[in-house]
There are 2 protein chains.
Amino acid sequence: MVERRKPIPVAEAISRLYEYRKYGEAEFVPIENCFGRFLGADIVATHPVPPFDRSPYDGYALRSMDTLQATREKPVWFEVKGTVGAGSVYPEKVGPFEAVRIMTGAQIPSGCDAVIMLEATKEIEKDGRTLMQIKKPIQKGTNISFAGEDTKKGTVILEKGTYIHPGVTAILATFGYQRVPVSRKPKVGIIATGSELLEVDEELQPGKIRNSNAYMVYSQIIRAGGEPVYYGQTSDNLETCYRQVKNTLEEVDFLITTGGVSVGDYDYLPAIYERLGANVLFNKIKMRPGSVTTVAELDGKLLFGLSGNPSACFVGCELFVRPLIREFLGSTNPFLPAGQAVLSAEFPKPNPFTRFVRGYIGFEKDTLVAKPVGLDKSNAISSLGAANGFIVLQGGTAGYKKGTAVTVLFVESQDGQEFDRFIKMKF
Amino acid sequence: MVERRKPIPVAEAISRLYEYRKYGEAEFVPIENCFGRFLGADIVATHPVPPFDRSPYDGYALRSMDTLQATREKPVWFEVKGTVGAGSVYPEKVGPFEAVRIMTGAQIPSGCDAVIMLEATKEIEKDGRTLMQIKKPIQKGTNISFAGEDTKKGTVILEKGTYIHPGVTAILATFGYQRVPVSRKPKVGIIATGSELLEVDEELQPGKIRNSNAYMVYSQIIRAGGEPVYYGQTSDNLETCYRQVKNTLEEVDFLITTGGVSVGDYDYLPAIYERLGANVLFNKIKMRPGSVTTVAELDGKLLFGLSGNPSACFVGCELFVRPLIREFLGSTNPFLPAGQAVLSAEFPKPNPFTRFVRGYIGFEKDTLVAKPVGLDKSNAISSLGAANGFIVLQGGTAGYKKGTAVTVLFVESQDGQEFDRFIKMKF
């Protein structure tokens, strides 16, 4: 018997799902280990940047008023009273027609209000004194990086949920965050269903294939920022499958199953949702591949029923699981970033449902081009190797010509977009 | 005394550096740990994909020749002899006007050459037999995924040096690579120089700042695919510094120093290179920031002398260190990927040297826009937080107007480009 399901738009599916978003607490990691995590708290500037007035170049610090009369014909001479290196503080106040040799990054000595670059001066020794010559006036403030000109103390310089890339690490180090507050990674359980599946280390057998979805999803979860836990495969036995889902659900923040959500005789997930008393948010989406992707909720915990078809599984994970993981981490732009590119191939077939075609999106000369990769078959595993995004062919369209501008989604990017923008994309 | 250095173009610097590229050996990791690594060997398809003729849908497998006479008015009846699920093999040969109920992914029974989808049929029970009705002919091969149609056995399906993303993981699992050959990560030593530097866990002191470069570079190395080892800071003492560089060099594949490469009185690196007998490949580049970035080579091992200025340090690491790390990993496109975007701000200043401006490159509606971030000062640490790339302002240009198309480099991307293309970019 074929169960009848009512397909809903992708945006509607995401909206239903997003109601059950939840957030993880913060934990601390050493700064060496923070790369790739998400900030678990706002980061405040613990001091101004620069922390003091300093010289951005090697040169001489002096009083600008003493340079006013300097010309090429009548240079002004300064006595060089000493040297200040980065990390040191010059101990005396600098007076009229005195200068201090200053190194890049060193604090401006008291009394000085400008720095002249080393290259613009000439130094001589005379009667045991060091003299330095200036041939044109310089203005007050020249070559000084002023305290706080980059950042004021107390500013929230990085927000909770920010992805930690190397630039963020630099800011954390500057402000002394040896231990960095990061969001706890959600624990995402994976259960594979399907009696045709062999484990990765098993020999091939007639009629069977190795389980690739579980390891693919495992990597997708890491990339999204979660902590995957692979609970192995179930048999196609309903009872076994039900118990495993029920037990695993208690140990994880999110649960993913692969396979078993279709309407075939061995697709047990619908029956399992019913036995668990789970609330099925949707079980049919106007998309290809992955129209049977199902999401259910039990006591606020989400069960993602991804299709057993590798491409559909991949799409479902990126569209539905990734944003919930990123949201858990506090990201304010948890959804896949979108852009526009020029389609490099023809898609003559009509698209009753929105199609997410795996593609490679990259520049050819100065144009961003979206190239479909591999066979356009949902079981074509080879195409997964080259793809770095999806080409979105809107539902209800008659077909796409080569050269058409199309919406693309970047799956490898650490960027993202927020819920409101994402669901307005007319999927 | 000011040392005179002859500046060379960025492309020339990269060419000199690239001569000293080297490669790491392969090692094996469990498939769960392979995400983000680079393949250390070509991956060969150990079987065809699909491994056998199979059904992509739920339906009935039959002989297409038996359907030829079927019409809406005169349906053809088949006897359903049994069922074959995914992972099973139907034991008998299917004869004339016989059909086998088949599940998605199951092997096509012997004798059959087409599958009719479940939705297009009607099944009835009659006289203890199960019958199935077809109302129109189907062609030979309909709804069959043929063995090897995606991938032939023995095909090199992934090349050595490929970045391992989730799609690659799926392919590895499919072909039974429970242990994955990956390139050994190069060990990249980091030594920070500069007596103004405090460690990240120290209290701020007058005239001093915390060391942010080392941790920034630490993260950049991880992102590039290397294994950073932070050897701490040296004092501005030449002897100490020399010994530390010499000893560290023996323990690593590449060595990065931050600071000390300028022409200031406390810039010891030039003296250290001389004492080591290292071959200085360049010490002045036509770029901003980071013109003093220096690279030397000793017995084929590269010493990267990055500027102590945070922005210059960041740029130097991405332009010069990243590609050598990726090359070591076997990547065939180790250089930063480039694209074109529309400049969102004016840069009226002339660019005697090529300028690498930190920017955020992202879509605004349908246009890729390059937005400079933070102050355009090389010490502006806050700008590092928001940047995801560089805006390249070519050397020898008079200035850039808002709305100009500019070359951009994406630092967060796992994509890349090869040497030949990169150096042709007219830096």
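## Basis of the values

Residues are numbered from 1 along each chain as its sequence is written, and chains are lettered from A in the order in which they are written. Local features of this predicted model need pLDDT of at least 70, side-chain atom pairs count only at pLDDT 80 or more, and totals for chains, interfaces and linings use all residues, while side-chain values use heavy atoms, with hydrogens and water left out.

## Helix H4 of chain A

Helix H4(A) comprises 12 residues, 238-249; helices (H or I, at least four residues) and strands (E, at least two) are DSSP runs numbered from the N terminus.

Cys241(A), Tyr242(A), Gln244(A), Val245(A), Thr248(A) and Leu249(A) are the buried residues of H4(A). Their directions fall within an arc of 170° seen down the helix axis, so they line one face of the helix; the arc is taken from the directions from the axis to the C-beta atoms. Buried means under 20% relative accessible area, exposed over 50% and partly exposed in between (1.4 Å probe, protein chains only). The elements of chain A against which these residues pack include strand E11 (187-192), strand E14 (227-233) and helix H5 (269-276), contact meaning heavy atoms within 4.5 Å.

## Backbone features of chain B

The peptide bond from Val49(B) to Pro50(B) is cis, with omega near -10°, and Pro50(B) is in the loop between strands E2 (43-44) and E3 (59-62). The bond from Arg288(B) to Pro289(B) is also cis, with omega near -10°; Pro289(B) is in the loop between strands E17 (287-288) and E18 (294-298).

Asp127(B), not a glycine, has a positive phi of about 55°. Asp127(B) is in the loop between strands E7 (122-126) and E8 (129-134) and counts as exposed at 74% relative accessibility. Asn143(B) has a positive phi near 55°.

Methods:
Expected span 1.5 Å × (residues − 1).
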